[in-house]
Amino acid sequence: MLASTIFAFAARGEPIRVLVIGDSLSTTGDRYISGDRKGASFAEQLEIDLGDGYELINVACPGTTAIAWSLSNPGALCPPHPWDTFPNGILRDRALSQLPVDIATVLLGTNDAVRRQESGYPSAEAYGETLDEIVGALLEGGAGKVVLMTPPDIDTPEAHRRMRAYRDQILSRCGSSDRLICGPDFFTLLDLDTDFATGDDPLRPGQDPSQHDIHPNARGHARMAKALGETLRPLGETRGPIDLIVSTAALLALGLLVFWVARKPRRPSSRPPGG
């Protein structure tokens with residue numbers, strides 16, 4: 001009985017920890033086409049779909065650029081209002097503090113493509129260098145694997161051009177090692193005509209009816225959750241070598257305990273015969 005309990009405990013293990021890094025695409029669900037009720041974001045849907053065997057830690061910050069998550073030029077503010085302040089930068093204080101995790105997902109770049117900074121829009125090379133900083137810090141800090149995802153396309157010509165260049169930077173990096181994984185390619189997966197709200201939405205008065213919003217609608221978020229879930233489940237089935245070593249060591253220690261208990265001589269009874 002004791003042995004079966006021990007082996008069941010060792011087999012169960014801890015939930016697979018998934019850290020979500022991103023902007024409002026990872027925190028804001030279907031804001032526009034569900035009337036006065038905001039739908040669930042893809043990250044919220046993903047947590048439900050993955051089930052009890054996973055623990056999702058969403059540290060995404062609405063409105064942030066990839067550059068704001070860098071180590072060399074970090075941002076310190078994270079909405080909602082009143083803004084939370086991270087004196088050592090968003091990545092260090094908000095994300096790295098959650099490590100270790102089994103998997104970290106990164107979806108950044110939309111705000112870099114649409115929001116001009118004082119120095120202009122980040123070049124593709126600067127965006128790629130920022131990814132290197134983020135990925136390096138995560139892997140060195142205790143993330144077993146990092147999953148890079150491409151942000152969805154944007155229908156304005158200049159933003160589309162920048163987003164395509166950022167996508168090239170992501171695809172040139174993911175898959176370069178067994179710990180840096182290519183996640184869903186949302187740039188090609190999502191359809192601008194069916195997966196995004198448009199300017200004719202009554203909740204977005206004054207918007208150009210022909211222009212799509214940068215945030216996916218309910219259908220878009222559902223497709224994102226499904227695609228990311230298909231990426232994460234196989235990764236969760238095989239944890240890293242450190243997890244294997246720890247689990248094996250724990251199992252051996254528990255086995256020795258069982259052996260010791262079984263071999264321990266019992267004291268003779270002090271009760272008289274027939275008493």
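Colleague: Is Tyr166 buried or exposed in this model?
Modeller: The model is a predicted one, and in it Tyr166 has a relative accessibility of 1%. Since a residue counts as buried under 20% relative accessible area and as exposed over 50%, the value of 1% places Tyr166 among the residues that are buried.

Colleague: Which residues of α6 are buried, and why do they lie on the same side of α6?
Modeller: The buried residues of α6 are Ala159, Arg162, Met163, Tyr166, Arg167, Gln169, Ile170 and Arg173. They lie on the same side of α6 because, around the axis, they cover an arc of only 160°.

Colleague: Which exposed residues does the face of α6 turned away from its buried side carry?
Modeller: Helix α6 runs over residues 157-173 and spans 25 Å from its first C-alpha to its last, close to the 24 Å expected at 1.5 Å a residue. On the face turned away from the buried side of this helix, the exposed residues are Pro157 and Ser172.

Colleague: Against which elements do the buried residues of α6 pack?
Modeller: The chain as a whole has nine helices and nine strands, and elements of both kinds meet the buried residues of α6. The strands are β6 (143-150) and β7 (180-185), while the helices are α4 (110-114), α5 (124-141) and α7 (186-189).

Colleague: How many aromatic pairs does a search of the whole structure find?
Modeller: One of the pairs is formed by Phe42 and Phe186, and it is tilted, at 6.3 Å centre to centre with 55° between the planes. This pair links distant parts of the chain, with Phe42 in helix α2 (residues 42-50) and Phe186 in helix α7, 144 residues apart. Phe42 is buried at 1% relative accessibility, and Phe186 is likewise buried, with a relative accessible area of 0%. For the whole structure, the number of aromatic pairs found is two.

Colleague: What is the arrangement of the aromatic pair that Tyr127 and Tyr166 form?
Modeller: The ring centres of Tyr127 and Tyr166 are 4.3 Å apart, with 20° between the planes. Since planes under 30 degrees apart count as stacked, the pair of Tyr127 and Tyr166 is stacked.

Colleague: Which helices hold Tyr127 and Tyr166?
Modeller: Tyr127 counts as buried at 1% relative accessibility. The pair ties together parts that are 39 residues apart in sequence, because Tyr127 and Tyr166 lie, respectively, in helices α5 and α6.

Colleague: Over the face of which residue does Arg162 lie?
Modeller: Arg162 is among the buried residues of α6. At 3.5 Å from the ring centre, Arg162 lies over the face of Tyr121.

Key:
Residues numbered from 1 in each chain as written. Predicted model: local features only at pLDDT ≥ 70, side-chain atom pairs only at ≥ 80, totals over all residues. Heavy atoms only, no water. Helix = DSSP H or I, 4+ residues; strand = E, 2+ residues; numbered from the N terminus. Expected span 1.5 Å × (residues − 1). Buried < 20%, exposed > 50% of the residue type's maximum accessible area, 1.4 Å probe, protein only. Arc of directions from axis to C-beta. Contact = heavy atoms within 4.5 Å. Phe/Tyr/Trp six-rings, centres within 6.5 Å; stacked < 30°, edge-to-face > 60°. Lys NZ or Arg CZ within 6 Å of the ring centre and 35° of its normal.
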